[in-house]
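Hi everyone, thanks for coming. Let me walk you through a structure that may be new to you, one piece at a time.

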Amino acid sequence: MPQPSPRSALPLVVGLPIAVATGLVIPLQARINGALGAKLDDGIAAAVVSFTTGLMLISAISLATPKGRTGLQRIIPAVRNRSFPRFYVMAGAIGALFVVAQSFTVAVLGVALFTVAAVTGQTLSGLLVDRMGIGPGGRRAITGVRVLGSVLTVAAVAWAVSPRFGADANIASLLLPVLLPLAAGFLMSFQQAMNGTATVHYGTPVAATLVNFVAGSAVLWTAWLIKLTVAGPGQPLPAEWWYYLGGPMGCVFIGLAALLVRSLGVLITGLGMIAGQLVGSLVLDVVIPSPGAVVALPTVLGTVLTLAAIIIATLPWPKGALAPKGALARGSAAKGR
């Protein structure tokens, strides 16, 4: 089987705005899935509904479009020929873990602390995944500018959500619950890299998205059936159509992320989506505020600082920017030998 080119021709000036726009979907999806979980009185059941509706949509797209059908035909040969590590087909289980983390910890931590933990994990792993070269774009150096952009992003997110922290929060009691969203966020960068690599060999992000929803649905259905035997069913499914939009939004998020990491890399894709997530959350809290939503000056300024951090991390800085002077001198001396 011929090896496809790992890089996409998508330029940064086009890809980064798409990443930010993709991130705008995340808070709306979280709002819908959260409302569905409250309606069903069952967070796992809400995740099952979200993944199952997403699976139905992406299956229909795969069968109805020429590129989708071609991608379907390439899945089994790519896995059988070990075009990439076979465990990449289980990338969707990471998405399932993220949804489960939301279901079990948001009520304890609150949205603010959950967001900070998940973003911290994703930003740190974005640097690591790019350095390891797991994504289809190959290895990308950990430069001083990228580290600065990542640190500023985490600080900006913490600042933006700081008005939502409770004054009486017991930090010690939150330490253990915060590990789950931290781990889920850390694994998200690996999921994006695995999906990006699979997309190269499938020839389309549609196939990678389908495989993700199959794996994630299998994990969540298993978890829900176990819960069903222990605790019984929750409330019946609601009749309102908008409760079922979370899955289709997940199709958009996973598919575009798999496409974007080919040209932007995992870190920049993740940072762009984080910026979109904050902007989307801010707009939602202003236009359709949820109970407990707070839009204060730090919320706005933290969002602006996040956008500035993305710019710092993505600008084409000269080689050696932010590197220690001693390191630059040693590098120049080594070249002169």
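Let's begin at Arg82, which sits in the loop between α4 (66–80) and α5 (92–132). Helices here are DSSP runs of H or I with at least four residues, strands are runs of E with at least two, and both are numbered from the N terminus. Arg82 is not a glycine, yet its phi is positive, near 55 degrees. Most residues other than glycine have a negative phi. Is Arg82 buried or exposed? Arg82 is exposed, with a relative accessible area of 57%; buried means under 20%, exposed over 50%, and partly exposed in between, using a 1.4 Å probe and protein chains only.

A quick word on where this comes from. The model is predicted, so local features need pLDDT of at least 70 and side-chain atom pairs count only at pLDDT 80 or more, while totals for chains, interfaces and linings use all residues. Residues are numbered from 1 along each chain as its sequence is written, and side-chain values use heavy atoms, leaving out hydrogens and water.

Asp41 is another residue to look at: it has a positive phi of about 60 degrees and is not a glycine. You'll find Asp41 in the loop between α2 (25–40) and α3, and it is exposed, at 60% relative accessible area.

Now the whole protein. How many helices and strands are there? The protein has 12 helices and 0 strands. Of its 337 residues, 45% count as buried. Taking contacts (heavy atoms within 4.5 Å) with a separation of 6 or more, 86% are between residues 24 or more positions apart.

On to the aromatic rings. A search of the whole structure finds 7 aromatic pairs. Rings of Phe, Tyr and Trp (its six-membered ring) pair if their centres lie within 6.5 Å; planes under 30 degrees apart are stacked, over 60 edge-to-face, and the rest tilted. One of the pairs is Phe51 with Phe213, tilted, at 5.4 Å centre to centre and 50 degrees between the planes. This pair links distant parts of the chain, with Phe51 in helix α3 (residues 43–64) and Phe213 in helix α8 (residues 205–231), 162 residues apart. Phe51 is buried at 7% relative accessible area, and Phe213 is buried at 3%.

Phe87 and Tyr88 make an edge-to-face pair, because their planes stand at 80 degrees, with ring centres 5.1 Å apart. Phe87 is exposed, at 54%, whereas Tyr88 is buried, at 10%. Ring pairs join Phe84, Phe87, Tyr88 and Tyr202 into a cluster.
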